[in-house]
Amino acid sequence: MSRILAIDFGKKRTGIAVTDEMQIIASGLTTVNTSELIPFLKAYVQKEKVSLFLVGEPKQMDNSESESEALILAFLKKLAQQIPTISVIRVDERFTSKMAFQTMINSGMKKKQRRNKSLVDEISATIILQSYLYSK
């Protein structure tokens with residue numbers, strides 16, 4: 001089988017999570033600088049078999065697009081050009097950052113560790129991926 005890779009796209013940093021090959025378990029993979037995201041993904045899919053990209057879709061409370069959607073659409077266009085063989089599904093990512101922060105609190109992380117925005121992004125990507133797996 002192959003993996004599903006989830007992307008919590010950010011202007012500066014992007015959190016990435018991935019499933020196991022059986023697509024059962026979602027795990028945080030890393031956080032990369034957004035400027036290095038396409039090269040990272042190209043290298044990753046050369047090493048690992050990935051069948052699907054999940055990309056967070058940020059929405060406002062009234063269901064309208066968030067301001068970061070324009071950046072995500074530009075990224076998706078580049079992604080389709082660079083890695084055209086892997087499909088993309090968008091997943092509602094409302095509240096994932098808050099859920100990630102709460103997860104950090106619940107797991108007993110100290111305040112200093114919770115300030116690590118990279119970790120929040122990685123956990124957010126994991127939440128996006130896990131919500132998709134639950135809905136499958």
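This is a predicted model: local features need pLDDT of at least 70, side-chain atom pairs count only at pLDDT 80 or more; totals for chains, interfaces and linings use all residues.
Five of them make an open sheet with mixed pairing, and their order is 3-2-1-4-5. Strand 3 (26-33) and strand 5 (87-92) lie at the edges, each pairing on one side only. From one strand to the next, the twist averages 25 degrees.

Helix 5 (residues 117-135) packs on this sheet and touches strand 1 (3-8), strand 2 (13-19), strand 3, strand 4 and strand 5. The direction of helix 5 makes about 40 degrees with that of strand 2.

## Strand 4 and its partners

Strand 4 runs parallel to strand 5, and six bridges join the two. If you want to find this pairing in the model, look for Leu54 opposite Ile89, and for Phe53 with its bridge partner Val88. Strand 4 also pairs with strand 1, again in the parallel sense, over five bridges; here Ile4 stands opposite Leu52.

How much of strand 4 is buried? Six of its eight residues are, so the strand is largely enclosed by the rest of the structure.

## Helix 1

Helix 1 (residues 37-47) has four names to look for on its buried side: Leu37, Ile38, Leu41 and Tyr44. These residues cover an arc of only 125 degrees around the axis, which places them on the same side of helix 1.

The buried residues of helix 1 pack against strand 1, strand 2, strand 3, strand 4 and helix 2 (69-82). On the other side of helix 1, you will find Pro39, Gln46 and Lys47 exposed.

## Helix 2

Which residues of helix 2 are buried? They are Glu69, Ile72, Phe75, Leu76 and Leu79. Their arc around the axis is only 115 degrees, which puts them on the same side of helix 2. These buried residues pack against strand 1, helix 1, strand 4 and strand 5. The face of helix 2 turned away from the buried side carries the exposed residues Ala70, Lys77, Lys78 and Gln81.

How values were computed:
Residues are numbered from 1 along each chain as its sequence is written. Side-chain values use heavy atoms; hydrogens and water are left out. Two strands pair if DSSP finds at least two bridges between them. Axes are lines fitted to C-alpha atoms, for helices over the stretch in contact, and angles run from 0 to 180 degrees between N-to-C directions. Contact means heavy atoms within 4.5 Å. Buried means under 20% relative accessible area, exposed over 50%, partly exposed in between (1.4 Å probe, protein chains only). The arc is that of the directions from the helix axis to the C-beta atoms.
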